[in-house]
Amino acid sequence: MKPTTVISFLGSTLDASKFGPSRWMKWRPSVGLCMHEDLRVDRFLMIHGSAHSRLAEYVSEDIASVSPETMVERHAIDFADAWDFEEVYGKLLDFARSQPLDPDVEDYLIHITTGTHVAQICLFLLTEAHYLPGRLLQTQPKRGAPDAAGTWSVIDLDLSRYDSIATRFASESAESTSFLKSGIETRNAAFNTMIDEIEQVASRTRAPILLMGPTGAGKSQLARRIFELKKLKRQVSGQFVEVNCATLRGDSAMSALFGHKKGAFTGAAADRPGLLRTADGGMLFLDEIGELGLDEQAMILRAIEDKRFLPVGADREAESDFQLIAGTNRDLAKCVADGTFREDLYARLNLWTFALPGLAQRREDIAPNLDYELDRHAEREGERVTFNKEARDRYLAFATSGEAHWPGNFRDLASSVTRMATFSPKGRIDSEVVATEIARLKRLWSGTDQHSDELGTLLAGDALETLDPFDRVQLAFVVETCRASRSLSDAGRKLFAASRAKRASTNDADRLRKYLARFGIDWRDLA
């Protein structure tokens, strides 16, 4: 067996006693822990103040008399204020580093019964951080008849050794994971593993989190659930602030994110705190962060690292301490290579990156999500709608088949459930409603397949998925016409050939420019 070393404070009150036989009738922690037949103490590192040197010597002699094999080493450490946490921790850390402690050679017990409460806390923290590589030792007087030895017990900080605690932690972790999944009993193994990892990261760090995945995969909902989980655990005190970066353009982006001072620019009639200030103490979710300009990216990086940024038109920096979650459906690594995304910001975000799969990659999760969407509909409308068995089987057979593309992912599923519930006024979705919905989905997706590739490179963020099929087809025709025309005016004459003849004055170029601007498209983008 390895020798045992005890590290302990001298108890200036508990270890003190008058000299004489009566002292052996009193429990003294430092002496008592060396009196147990089932606890051999080979070395005793006694920490004490210079003012208690006589007591330390006196107690050392009594230890030698009851346990001759115990070698006592006295270490004088003086504190200007024994209740100053910073000072006590610092000096005990210096002490721990100065000792040749080798757990392969000795077993260490850190006695936390004596000393001030601050000293006991510091010993605990140093042990937990492995600066003191041992286990905690606790002693107490024996109840009933007087006994100088008292009792002792060891506390092992490895919680996995305690079955009931480990079981409780596992249960609470499972509850947190379920919370992140909105209580949906998902079956996709890869997705469940990812959510387990997110739960651990969300609970243990405030570092930025990057959620990647296609539009409609649930990035926004997951970000909010992460915030709500941290709120339940009292890890954030502020609010959840969400912004779709695809909606921020030009000078308004700087003002919206970082705020501005009154008079900073035309129309700035009052100070504006900005979204970063609003998120102070809470969480900021920047969805479609890849749509931000390089200047905004640089300021976001500074705000993440230094918690400081400069509002528009301000002379002084503002402060905000928030946790960032970023979402994107772009390949940010490719954006870095293309020069549209800052490499340093990507490196900062890429510490915790999670790629959310689309619904088509999680077909086994369609059934539980179908029930979830029905529950959401009931909450919104105050009316419970269900499937009959035949209708449910038919819908799931289609939804999980290769015919179902789910380009809008969970948004498509939510819209589908809403339509079927709306067309079932008696609260029961039947096979006829399902057949109609399946036909509608096929029509919608055929339009998406035809024009998505052409428009996807022009529209920012998730703008394409928010377009109705009618607008998508019309916009695709306009884009095709523009690309086949010599100029904006030429394209306008072709597109407004009938209506322009009925107008007193025509400005086809301006009319077409305004139409394209509705979708964030510039004529130069079509060259």
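What is the volume of the largest pocket? About 520 Å³.

## Before you look

This is a predicted model, where local features need pLDDT of at least 70, side-chain atom pairs count only at pLDDT 80 or more, and totals for chains, interfaces and linings use all residues. Residues are numbered from 1 along each chain as its sequence is written, and side-chain values use heavy atoms, with hydrogens and water left out.

## The pocket

A pocket here is an open set of points on a 1 Å grid over the protein atoms alone where a 1.4 Å probe fits, with protein on both sides within 12 Å along at least five of seven lines; lining residues have an atom within 4 Å of a point. Points are joined across faces, edges and corners, and the volume is the space filled by probe spheres set on them.

The largest pocket has 28 lining residues, with Gly-216, Ala-217, Gly-218, Gln-221 and Phe-410 nearest its centre. Two or more residues each come from α6 (189-204), α7 (219-232), α13 (366-381) and α15 (410-422). The top contributor is α13, giving 5. (Helices are DSSP runs of H or I, at least four residues, and strands are runs of E, at least two, numbered from the N terminus.)

## The sheet

Six strands make an open, mixed sheet, ordered β3-β2-β1-β4-β5-β6; strands pair if DSSP finds at least two bridges between them. β3 (71-76) and β6 (151-155) are the edges, each with a single partner strand, so one side of each has no neighbour in the sheet.

Strands β1 (residues 4-9) and β2 (residues 43-48) run parallel, joined by 5 bridges.
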